[in-house]
Amino acid sequence: MPTIRFREIPADALAVIEAHTGPLIKAETVSTGLNSEIAARVHTADATVFVKGLRQDHRRV
């Protein structure tokens, strides 16, 4: 399964991430692994958080 690049995440999904983390300063796509369509380290003013996920209609959700 190809990993979606973080900059390609739909705006509504990005808003959900920022609702939990606060505003993002930087995001780094994690290109290894096969279990998620989104895999990234996101950096905020206070923390670095690992984010991974699948579309809501994905069969493994």
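Tutor: Helices (H or I, at least four residues) and strands (E, at least two) are DSSP runs, numbered from the N terminus. This is a predicted model, numbered from 1 along each chain as its sequence is written, in which local features need pLDDT of at least 70, side-chain atom pairs count only at pLDDT 80 or more, and totals for chains, interfaces and linings use all residues. Side-chain values use heavy atoms, with hydrogens and water left out.

Get your bearings first. The protein chain has one helix and three strands. Along the sequence they follow the pattern α-β-β-β.

Now the pocket (an open set of 1 Å grid points where a 1.4 Å probe fits, with protein on both sides within 12 Å along at least five of seven lines). The largest pocket has a volume of about 350 Å³, taken as the space filled by probe spheres set on the points. Its lining counts 14 residues (each with an atom within 4 Å of a point). Start at the centre. Ala-13, Ile-38, Gly-53, Leu-54 and Arg-55 are the lining residues that lie nearest to it. Helix H1, residues 11-21, and strand E3, residues 48-53, each supply at least two lining residues. H1 gives the most, with four residues.

One of those central residues, Ile-38, leads us on to the largest nonpolar core. Such a core is a set of buried Ala, Val, Leu, Ile, Met, Phe, Trp, Tyr and Cys residues joined through side-chain atoms within 4.5 Å. Buried means under 20% relative accessible area, exposed over 50%, and partly exposed in between (1.4 Å probe, protein chains only). Look at Ile-17 in particular. Beyond its neighbours within four places in sequence, Ile-17 is in contact (heavy atoms within 4.5 Å) with Phe-6, Ile-9 and Val-51. Across the whole chain of 61 residues, 26% count as buried.

Arg-41 pairs with Glu-28, and the closest N and O atoms are 3.6 Å apart. Arg-41 belongs to E2 and Glu-28 to strand E1, residues 26-29, so the pair ties together parts that are 13 residues apart in sequence. Both partners are partly exposed: Arg-41 has a relative accessible area of 37%, and Glu-28 has 25%.

Leaving aside neighbours within four places in sequence, Thr-48 is in contact with Arg-41, Val-42 and His-43. Its C-alpha atom is 9.6 Å from that of Leu-24, which is 24 residues away along the chain.

Gly-22 sits in the loop between H1 and E1. Its relative accessibility is 22%, so Gly-22 counts as partly exposed. Gly-22 and Thr-44 are 22 residues apart in sequence, yet their C-alpha atoms are 6.6 Å apart in space. Among contacts between residues at least 6 apart in sequence, 30% join residues at least 24 apart.

Technical notes
Salt bridge = Lys/Arg side-chain N within 4 Å of Asp/Glu carboxyl O.
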